[in-house]
Amino acid sequence: MPKPLDPKCQLCAKLPTAQAKVLHGTAGDRCWNPKVCHNRRSFYCHRSQNNVAEIDSVTVEPPATYFAVLYLYKEPRDKPLHAMSAELWLGQKPVCRLEPIHCFGLTAGKIRAYTDQVLQAFAKQYGVSLYQYLVPKCCCKIPAIAIAFWGQLLAPISLLV
């Protein structure tokens, strides 16, 4: 098993050599060893560059698929839906955005009807088929609550999650 990295040496490697010799030499804490420190400082300075150079990277363009993202703004637990908005995406870029609207006084049926109208409007304007909403089952950092995919029927959901 490799020896753990020394935090003191990591900090020392960030300093200029002259300053490190003063701080850790005879006038300092006396840990400077000219036989070891030069190589160790070089190792710590170039460590991240060496690790990056060893890993190959591949870029693959994601498929350009239309999908609609429905954003639901509500507080946690059993609080009512405050507002909602939607976006149409093509691949990794947003194409069209519907500004948020407040949902005060709207019943679940009216909210469902409105979201269906949004899907129809996106489909009509951009000539795509958007069927239904889905809840993503991942830990994605993108704040999407429900997604409508083009040409795929996956699973129905309740909009008031």
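Leu15 counts as partly exposed, at 23% relative accessibility; here buried means under 20% relative accessible area, exposed over 50%, and partly exposed in between, with a 1.4 Å probe and protein chains only. The model is predicted, so local features need pLDDT of at least 70 and side-chain atom pairs count only at pLDDT 80 or more, while totals for chains, interfaces and linings use all residues. Residues are numbered from 1 along each chain as its sequence is written, and side-chain values use heavy atoms, with hydrogens and water left out.

**Overall layout**

- The protein chain has 4 helices and 4 strands; helices (H or I, at least four residues) and strands (E, at least two) are DSSP runs, numbered from the N terminus.
- Read from the N terminus, the order of elements is α-α-α-β-β-β-α-β.
- The chain has 161 residues, and 27% of them count as buried.
- Its accessible surface is about 12,000 Å², and carbon and sulfur atoms account for 59% of that; accessible areas come from the Shrake-Rupley method with a 1.4 Å probe, and for residues only the protein chains shown count as cover.
- Among contacts in the chain with a separation of 6 or more, 39% are between residues 24 or more positions apart; contact means heavy atoms within 4.5 Å.

**Around Leu15**

- Leu15 lies in the loop between helix H1 (7-13) and helix H2 (17-24).
- Leaving aside residues up to four places away in sequence, Leu15 touches Ala20, Leu23 and Arg41.
- Leu15 and Arg41 are 26 residues apart in sequence, and their C-alpha atoms are 9.4 Å apart in space.

- Strand S1 is mostly covered, with 7 of its 9 residues buried.
- Strand S2 is largely enclosed by the rest of the structure, because 8 of its 10 residues are buried.
- S1 and S2 run antiparallel and are joined by 9 bridges; two strands pair if DSSP finds at least two bridges between them.
- Across this pairing, Leu70 stands opposite Ala86 in S2.
- The hairpin of S1 and S2 has 6 residues between the strands, and in it Arg77 takes a positive phi near 70°.
- S2 also pairs with strand S3 (residues 93-102), in the antiparallel sense and over 7 bridges.
- Leu90 stands opposite Lys93 in S3.
- The hairpin of S2 and S3 has 2 residues between the strands, and there Gly91 takes a positive phi near 70°.

**Nonpolar core**

- The largest nonpolar core has 16 residues, of which Ala68, Met84, Leu88, Phe122 and Leu130 touch the most other members.
- Strand S1 (66-74), strand S2 (81-90) and helix H4 (108-126) each supply at least two residues of this core.
- A nonpolar core is a set of buried Ala, Val, Leu, Ile, Met, Phe, Trp, Tyr and Cys residues joined through side-chain atoms within 4.5 Å.
- In soluble globular proteins, nonpolar side chains tend to be buried together.

**Aromatic pairs**

- The structure holds 3 aromatic pairs; rings of Phe, Tyr and Trp (its six-membered ring) pair if their centres lie within 6.5 Å, and planes under 30 degrees apart count as stacked, over 60 as edge-to-face and the rest as tilted.
- One of the pairs is Phe43 with Tyr44, which is edge-to-face, at 5.4 Å centre to centre and 65° between the planes.
- Phe43 is partly exposed, with a relative accessible area of 42%, whereas Tyr44 counts as buried at 14% relative accessibility.
- Tyr66 and Tyr126 form a tilted pair, at 6.4 Å centre to centre and 35° between the planes.
- This pair links distant parts of the chain, since Tyr66 is in strand S1 and Tyr126 in helix H4, 60 residues apart.
- Tyr126 is partly exposed, with a relative accessible area of 27%.

**Cysteines**

- The count of disulfides is 0, where a disulfide is a pair of cysteine sulfur atoms within 2.5 Å.
- Cys37 is in no disulfide, and the nearest cysteine sulfur, that of Cys31, is 6.1 Å away.
- Cys37 is buried, with a relative accessible area of 13%.
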